[in-house]
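Subject: Handover of a two-chain model

Dear colleague,

Please find the structure below, followed by an account of what was found in it.

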Amino acid sequence: MIYILGRGAVYPEKNEDGTELRCPKPDIKEFMHPKESRRLSRIIKNGILAGMNALKDAGLEKPDAIVTGTGLGCLSDTVKFMNSLLKFNEENLNPAPFIYSTHNTVGGQLSILTGSKGYNSTFVHRGLSFESALKDAMLLFEDGDLSTALVGGIDELTDEYMKIAKRMELHKDHLPGEGGAFFVIGKEKKNALACIADLKLFFKRDKDAVLKAFNGFVDKNQIDTENSILVSLSPLKSSLNWKKVIDPREKTGEFMTASALAVNEALDMLENGEKTVVVWNSFLNMENSFILLERV
Amino acid sequence: MKKIYITSIGIVSSIGNNVEETVASLFEGKRGQGTTEFVDSDLARSFPLCEVKLSNDELATRAGVSKEIFITRCSLLAAVAAKEAADGAKIKKDDGISTGLIVGTTVGGMDRSELFYREFSKDSSTGDLNDVKCHDCGDTASKVAKLVNAEDFVTTISTACSSSANSFITGARLLRAGDVERMVVGGSDALTFFTANGFKSLRILDSELCRPFDAERQGLNLGEAAAFAVLETEETIKKTGNKPICELKGYHNCGEAYHQTASSPEGDGAYAAMTGALKNAGLKAENISYLNAHGTGTGNNDMSESIAIKRVFGENVPKTSSTKGLTGHTLGASGAVEAVVSALTIRDRFIPGSAGFEKPILESGLMPVKETITDCQVVTVMSNSFGFGGNNTSLIFSR
């Protein structure tokens with residue numbers, strides 16, 4: 001069984017004109033000297049903030065593995081490098097934004113900051129980026145001799161993303177958001193915040209197959225739908241008869257790794273006395289994931 | 001622990017559009033560098049690039065896919081190589097064997113989004129949305145999974161230049177855990193204006209043909225490619241009847257925790273990856289018959305990697321080469337390209353030469369194989385892939 005031993009989250013807030021949710025300016029001086037962090041973009045700082053706070057919460061300095069999920073990665077550095085590329089016509093470019101634009105920058109920075117020389121990977125698979133990272137991290141405990149892993153999901157909004165998403169009409173029912181969360185997971189039950197009793201990633205997209213898979217997950221785990229909470233990011237929730245269904249996107253906004261924040265919400269519920277919470281993610285109704293969290 | 005076998009491979013790169021063309025080029029020592037036809041950039045006119053010699057239309061035709069769906073060059077390259085691998089392993093829709101796909105890539109659909117962005121940056125109401133809707137790295141895996149009937153587990157890894165090497169590790173773990181019975185793993189990256197200029201801004205592109213592990217090396221040549229392998233367990237092989245090409249004997253992925261882009265001078269990360277893979281495989285350094293090095297041709301990588309190789313193998317360094325002098329550095333695809341090359345050396349009993357090498361690096365004295373050696377026994381191969389962010393991975397394949 002895998003347990004959650006610590007958590008750190010970065011939440012966005014609704015902007016003044018009510019069009020999006022963005023994170024407040026991250027303050028990471030507790031973890032990094034301002035001289036070193038000044039070149040880092042928001043997603044990297046937010047990743048450091050969430051990751052380091054999760055370690056602090058677990059009372060851990062150095063995790064044995066770091067696994068990160070990000071849907072779109074370091075967008076603002078990508079845009080910055082692209083802008084200078086077009087402006088200076090491929091000549092004398094500053095490489096910093098290119099370096100920081102790679103998807104594994106957050107994982108790399110967390111490894112440098114903690115001195116963790118263990119397994120390090122980054123998953124970039126749309127709405128299941130965080131769940132892929134979580135799955136991979138959970139598999140590590142079956143394969144290797146490690147006791148803790150830091151795993152999380154993080155994304156950032158940029159003005160360019162907002163303009164493109166608007167033209168594509170991507171976020172019709174919810175405001176776009178950003179942020180994310182990291183968790184320390186391990187096999188030690190002592191002081192655990194919760195247990196990850198099951199995790200399923202499901203890739204077929206037709207409605208009947210998805211509902212069948214979800215119901216199969218509920219049956220297999222004998223989940224009492226009368227007394228458990230469903231934290232749902234899926235539009236299919238209305239076709240179910242759960243008593244308590246909560247959509248976290250009012251608080252998190254909609255983005256590819258919002259499910260990391262949804263898990264953090266679920267941990268709050270368990271802390272407040274709930275016994276079982278299921279997180280059902282489906283970013284823009286594409287691929288699905290189900291995570292079963294139980295109070296320890 | 002369940003053994004993991006490679007039962008089929010597929011590849012498209014600047015030295016061949018399929019496995020057999022690639023073998024012929026490796027034997028010949030044919031280099032893929034040249035001027036580009038499909039990338040429009042000032043840079044492409046002044047630096048050699050290793051371009052796949054097929055247009056997007058030709059790639060789509062080869063893979064039998066629609067260009068309306070497979071929009072990016074990254075997904076088209078992946079479609080060609082993944083299909084070759086999947087066909088070789090006779091993967092069929094609903095054949096009763098659960099199958100997954102992992103793609104490693106660094107920039108995914110950037111080849112199209114940069115076209116979009118040129119227009120969009122001038123006027124945000126312009127730019128063809130079809131060019132940007134496949135920007136995210138997951139686009140390729142989602143489409144290729146459907147194409148090769150590998151939809152039971154699908155994900156994408158992006159750990160810079162070790163991305164697709166890591167797809168082998170996660171794939172093997174999923175098989176061992178019993179989540180799926182068969183995995184298609186690999187990676188794809190197309191040449192882009194964005195990445196090429198990124199490497200130029202780092203001043204690590206060679207304006208001539210690259211010279212991995214040479215004392216006078218000036219940098220790397222970028223390339224594009226896709227390569228995939230089908231992984232099966234013994235139980236799966238009982239059902240498929242496939243014949244293994246080799247075994248994925250061991251692996252190790254570790255963070256160097258040193259620097260965002262540079263490797264430590266002593267090659268600590270490379271050393272940890274190689275020794276970790278040996279331990280995972282239950283092998284000793286002397287068991288390795290061929291080392292396919294990361295060997296990019298940059299001052300920093302080749303220095304620290306060659307020092308690390310000396311630390312791992314001492315005076316008995318196995319036959320070593322970097323095939324990046326032939327294929328160029330194909331970034332997110334390179335780990336899978338070199339895994340396919342490694343499997344081929346076992347299958348076809350040869351060791352490819354390290355193109356561009358003349359005289360050894362003074363500090364390490366590493367002497368790579370210069371010319372291709374044929375008719376030799378290759379039992380166990382180690383393949384290194386190291387990336388930005390200190391992401392280091394070594395894989396070991398065995399007869």
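A crossing is called left-handed if the near helix is turned anticlockwise from the far one by less than a right angle, and right-handed if clockwise. Helices (H or I, at least four residues) and strands (E, at least two) are DSSP runs, numbered from the N terminus. The model is a predicted one, in which local features need pLDDT of at least 70 and side-chain atom pairs count only at pLDDT 80 or more, while totals for chains, interfaces and linings use all residues. Residues are numbered from 1 along each chain as its sequence is written, and chains are lettered from A and ligands numbered from 1 in the order in which they are written.

The two chains

Chain A contains 10 helices and 12 strands. Its C-alpha trace spans about 60 × 45 × 35 Å along the principal axes. The radius of gyration of chain A is 19 Å, which agrees with the value near 19 Å for a compact globule of 296 residues. This radius is taken over C-alpha atoms, and the globule rule is 2.2 Å times the number of residues to the power 0.38.

Chain B has 14 helices and 14 strands. For its 399 residues the globule rule gives 21 Å, and the radius of gyration of chain B, 19 Å, is close to that, so chain B is as compact as a globular protein of that length. The C-alpha atoms of chain B fill a box of roughly 60 × 50 × 40 Å, taken along the principal axes.

The contact between the chains

Chain A brings 47 residues to the contact and chain B brings 49 residues. Two residues are in contact here if their C-beta atoms, placed from the backbone, lie within 7 Å. On the side of chain A that touches chain B, the elements that each supply at least two residues are helix 3 (75-87), helix 4 (96-101), helix 5 (105-114), strand 5 (119-123), helix 6 (129-143) and helix 7 (159-168) of chain A. That side of chain A has 20 nonpolar, 18 polar and 9 charged residues. In this classification Ala, Val, Leu, Ile, Met, Phe, Trp, Tyr, Cys and Pro count as nonpolar, Asp, Glu, Lys and Arg as charged, and the others, Gly among them, as polar.

One helix pair spans the two chains: the axes of helix 6 of chain A and helix 8 of chain B come within 10 Å and cross at roughly 65 degrees. Axes are lines fitted to C-alpha atoms, for helices over the stretch in contact, and angles run from 0 to 180 degrees between N-to-C directions. Helix 6 of chain A and helix 8 of chain B are therefore roughly perpendicular to each other; angles under 35 degrees count as roughly parallel, over 145 as roughly antiparallel, 65 to 115 as roughly perpendicular and the rest as oblique. The crossing of helix 6 of chain A and helix 8 of chain B is left-handed. From helix 6 of chain A, the residues A:D136, A:L139, A:E142 and A:D143 meet B:T170, B:R173, B:L174, B:R176 and B:A177 in helix 8 of chain B. By class, this contact has 3 nonpolar, 1 polar and 5 charged residues.

Domains

The bounds come from an automatic or database domain assignment. Chain A is divided into domain 1 (2-186) and domain 2 (194-294), and the C-alpha centres of these domains of chain A lie 22 Å apart. In chain A, 37 residues of domain 1 are in contact with 27 residues of domain 2. Helix 6 of chain A gives the most to the side of domain 1 that touches domain 2, with 6 residues.

Chain B is assigned domain 1 (4-246) and domain 2 (249-398), with C-alpha centres 20 Å apart. In chain B, 61 residues of domain 1 are in contact with 60 residues of domain 2. Helix 8 of chain B provides the largest share of the side of domain 1 that touches domain 2, 8 residues. That side of domain 1 of chain B divides into 30 nonpolar, 23 polar and 8 charged residues.

A helix pair within chain A

Helix 2 (residues 42-58) of chain A and helix 5 of chain A have axes that come within 9 Å and cross at roughly 45 degrees. The two helices are therefore oblique to each other, and their crossing is right-handed. Their contact divides into 8 nonpolar, 5 polar and no charged residues.

Yours sincerely
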